[in-house]
Amino acid sequence: MRWFEQLRMRILMLFSRHRAATHLNDELAFHLDRQIAENIAAGMTAEEARYAALRTFGNPALLRDESRATWSWNWLESLLQDTRYGVRALRRTPGFTLVAILVIALGIGANVALFTVVRSVLLKPLPYADPARLIRLYEVSPDGKFPFNNNAPGIYSEWKKQNQSFTDIAIYGYAGYNLSGEGGQLPENLRAATFSANFLPTLGIQPALGRNFTAVDDQPSGNPTVILSWGLWKRRFGGDPHILNQTVLLDTRPYTVVGVMPAWFSLPDPAIQLWTPIYYKEPASFMQVIDSHDFHVIGRLKPGVSPNQAVNELSIITRRIHNANLSNPFVSVGANIRPLLESLVGDLKTPLYVLLAATGCLLLIACLNTANLLVARAAARRKELAIRTAMGGTRLRLLRQHLAESLLLSLAGGALGFLFAFAALQWFITTRHDMARSEAIAIDWVVAAFSLLLVFAFASFAGFISAFSLRGEQPLTTLQESSRGSSAGHARTRLRAALLTIEVSLTVVLLIGAGLLIKSYSRLRSTDIGCLTQNVLKLDINLPPARYPKAAEVANFLETLLARVKDIPGIRAAAFISPVVPGDGYGGDSSFAIVEHPAAAQGKMQYAVHRWCGLGYFTTIGIPILRGHTFTSDQQPGHTTQVIVSQAFVHRYFSGEDPIGKHLNTLGKRTFEIIGVVGDTRVQLGAPPEPMMYFPLYAVDDVNGAALVIRSDSNITQFASPIQRIVSGMDRDLPVSQILTMDQVIGRSTLDNSFNATLLAAFAGLSLLLGAVGLFGVLSYVVAQRTSEIGIRIALGAQRTQVLKKVLVDGLRPALIGLALGLPASAATVDLIKSMLYETAPIDPAVFAMVAITLLCVAVIACMLPAWRASRLDPMQALRTE
Amino acid sequence: MGKPSDLVQGTLDLLILKTLLPDAMHGWAIAKRIQQLSGEVLQVQQGSLYPALHRLEQQGWIKAKWAESETGRQAKFYALTTAGRTQLEKETANWNRLSAAINLVVSEA
């Protein structure tokens, strides 16, 4: 029954500790009274009895403490006591407490936010069955320039038939549909994807509602079926639970809704809102070609099969097909693979890890700053500590109390930081919704554990450093010394200066990283895309083949639209371009042969980026016509014979000769005459100009959409609504999509660059601020410590400017040493961000110099005020304040 | 006794448990009884008595109750628990063995 008694005692000690303390006092008082009574009975007077009793009794406080030391839950009591004292001490200096909590919150918040992103996007496995076995398959182009090329459907079919390494492989591609509006809703152009019926089974998932496509749906003779995305279902159909088996009009044709994807599903792309069966959408003949690479393939490895085995097997199959078609230079020679996760987020690894490292630096800087503040605070409370020691406080107890304060600060800062992180993540998700797997970003228990770990690490680090600064303190000398003793603070000053030096070096590393990214981004942005970017707007129009089956009808619509748009007052020029404007992506290529040149060697690929443009395109968008002229007006549908090439095309294929008048054999064995050469444009900012061929807009029969480009003198965005009205006036079900100014088009393609640069610059700026505040604090402390010394110097004849200079140099020394350490440290680490830089060398002297100068200026400004105050000291005042 | 050493602390526990065997008493009475029974040789200081009493209570060998003392004031009375009785027997046996052994060594001339 002993355990019962023990348990009873433990519960008693936990909940009625106060009563137990009172009882202890009563118990000891009782004993004392009995002793006194005994003494009196032995013959002493009351006074003597009392003194004799107390003498034998000993120190009552000590006795109480020793008795209490045997109680259980003592550790909890001292913990609570430390917490109470800590809170009290922190409340006494609200300014310090608030600043410290804010600094800690920034450091921890940034780290937690970025850690969440890295964990959710890069480290968490994909939400599919056994995701480690999911592979993305690629083809290798014959010239080796594209080892991770898209897939040709004919080759995919052979892979599917012959492979032994995969439980299943599936094919998918991209598409777009106009969703007709119902019940007053406007029509919308939606990004869609197509996949084979075994796509979802390969991933191992099912739609959240309804079913996947069956093999019957996934053929050209199948019924039109569609699966909606969760977002589209909620947004456009109000989350109607009876959506299944209803029809929606896609490109004016009715499709039956058979399923709704789960909310977290975002393959192949977060912007996809509809999925349709691939063998239904694409013509059967197109799904047999082996030389056009428009699709993508995923597969699930069989258990026990290694990725290498799978690659080898598929490469053999591919090479066999290649060798059977040697006359076709576009048939791939091999296969390649990547794990599915890596194919989705591989590009994000470097930027995200760089940002994570930056937040780590920021946290370290915040930590050093807080440690610095705590050291100063501990120094200010030396006398209090000396008194506590004299009254019996053990070193351990005082250290614990010290750590309790730093832990309280860290906990408060950590809680606030966690809130910061939450807000920051919301902002991140909305700003970077283009980023792969951004829908997977969520705070989970691992992140919470990580934050707690950060809090404790922070508290220990800062607490121990500041406790370390107080080692060797002798209570007696501390109590005796005058309040402005200089020698006692010397070691502490050195410690603070050392902390500051490390802080400055880390700040330098961050600043240089930010400087390089900013320079790279500005270089990128200032690259000439090859056309006008101001006051140019583009809109996409896609005419559904069901309503516009013939090329003549498409041409009629587009020309009528163009005429009406040109009539709008304020629009200077308008024209069509297909498929995309400069800076908006590759847009596809076509193979060609130059009639007047000797035939290319068998198996050598000749291809160039293709574009189809209407009359007046080059003048509308500002691409210079360098030679020849633009299309004549006789280029009508069914009768197009002219082609215009870009400067890069001429350099590569017509070096030294005039291309005007030569002929190209392309677009399925048709002949086109080169009538002009235009300036280069880039398919993406940062990419070198590619050889391009421009055909008339109606050169191929299946052009059923284009981007309308308009230019005005100013305020280009005001024309979006009038044009939309004209379009819906001509066809009520036709949406206008992707309405963007050229600036926005370019901005979109450089979003991640600008994002990373901005974020890193923000971190660097914050750390610079923290460093400046730290410098200011340390120098003020030093000046306060040495007030009497400075006073004496001035009294003995030192010039005020001399004093100013001396104090300034003393204050700048840690900054200078930090700079001297930080520059080589940056030079060593900056190589890691090389892949993120555009036309900027990692070791860029201009950036390094700028950072050094900036840091020195900030340091001088931070040190100026204390130094100036020191030089303004009145020697009599200084010597009197002791 | 001065400041209790480990050995002495163990024997103090034994003394307290033995004293409480007949009936419950408060700390003052325990000290007086030990003094009495040992023939005025052992004088237990408060500095060691009360920490020992509290420790024994925390460990469940003795339990406490507040009751009216002989002088009319409230005092904290300690009594042995069942487990305490067992512990007493064990400690007595230990002590006998130990003291016999020490006697053997010491009386070896």
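**Exercise 1. Work out how strand β1 (residues 25–26) of chain B is joined to strand β3 (residues 74–80) of chain B, then follow the pairing onward.**

Step 1. In this predicted model, β1(B) and β3(B) run antiparallel and are joined by 2 bridges. Strands here are DSSP runs of E with at least two residues, helices are runs of H or I with at least four residues, and both are numbered from the N terminus. Two strands pair if DSSP finds at least two bridges between them.

Step 2. Look for B:H26: its bridge partner in β3(B) is B:F77.

Step 3. Now turn to strand β2 (residues 62–68) of chain B, which is antiparallel to β3(B) and joined to it by 7 bridges. Here B:W66 stands opposite B:K76 of β3(B).

Step 4. Finish at the turn. β2(B) and β3(B) make a hairpin with 5 residues between them, and B:G72 in the turn has a positive phi of about 95°.

A word on the ground rules: residues are numbered from 1 along each chain as its sequence is written, while chains are lettered from A and ligands numbered from 1 in the order in which they are written. Because the model is predicted, local features need pLDDT of at least 70 and side-chain atom pairs count only at pLDDT 80 or more, whereas totals for chains, interfaces and linings use all residues.

**Exercise 2. Describe chain B as a whole and say how confident the predictor is in it.**

Step 1. Count the elements: chain B has 4 helices and 3 strands. Along the sequence they follow the pattern α-β-α-α-β-β-α.

Step 2. Consider the extent. The C-alpha atoms of chain B fill a box of roughly 55 × 30 × 25 Å along the principal axes.

Step 3. Read the pLDDT, the predictor's confidence in each residue from 0 to 100. Chain B has a mean of 86, and 91% of its residues reach 70 or more. Among its elements, helix α1 (residues 6–19) of chain B has the lowest mean, 80, and β3(B) the highest, 92. Over residues 1–6 of chain B the pLDDT is below 50.

**Exercise 3. Find which side of helix α11 (residues 307–323) of chain A is buried and which is exposed.**

Step 1. The expected span is 1.5 Å times one less than the number of residues. For the 17 residues of α11(A) this gives 24 Å, and the end C-alpha atoms are 24 Å apart, which agrees.

Step 2. List the buried residues: A:A310, A:L314, A:T318 and A:H322. They cover an arc of only 105° around the axis, so they lie on the same side of α11(A). The arc is that of the directions from the helix axis to the C-beta atoms.

**Exercise 4. Describe the side of chain A that touches chain B.**

Step 1. The contact takes 19 residues from chain A and 19 residues from chain B, with residues in contact if their C-beta atoms, placed from the backbone, lie within 7 Å.

Step 2. α1 (2–15), α2 (17–41) and α4 (60–68) of chain A each supply at least two residues of this side. α2(A) gives the most, with 6 residues.

Step 3. For the complex, the predictor gives an ipTM of 0.87 and a pTM of 0.83.

Definitions and conventions. Contact = placed C-beta atoms within 7 Å. Buried ≥ 20, exposed ≤ 12 C-beta atoms within 10 Å, placed from the backbone.
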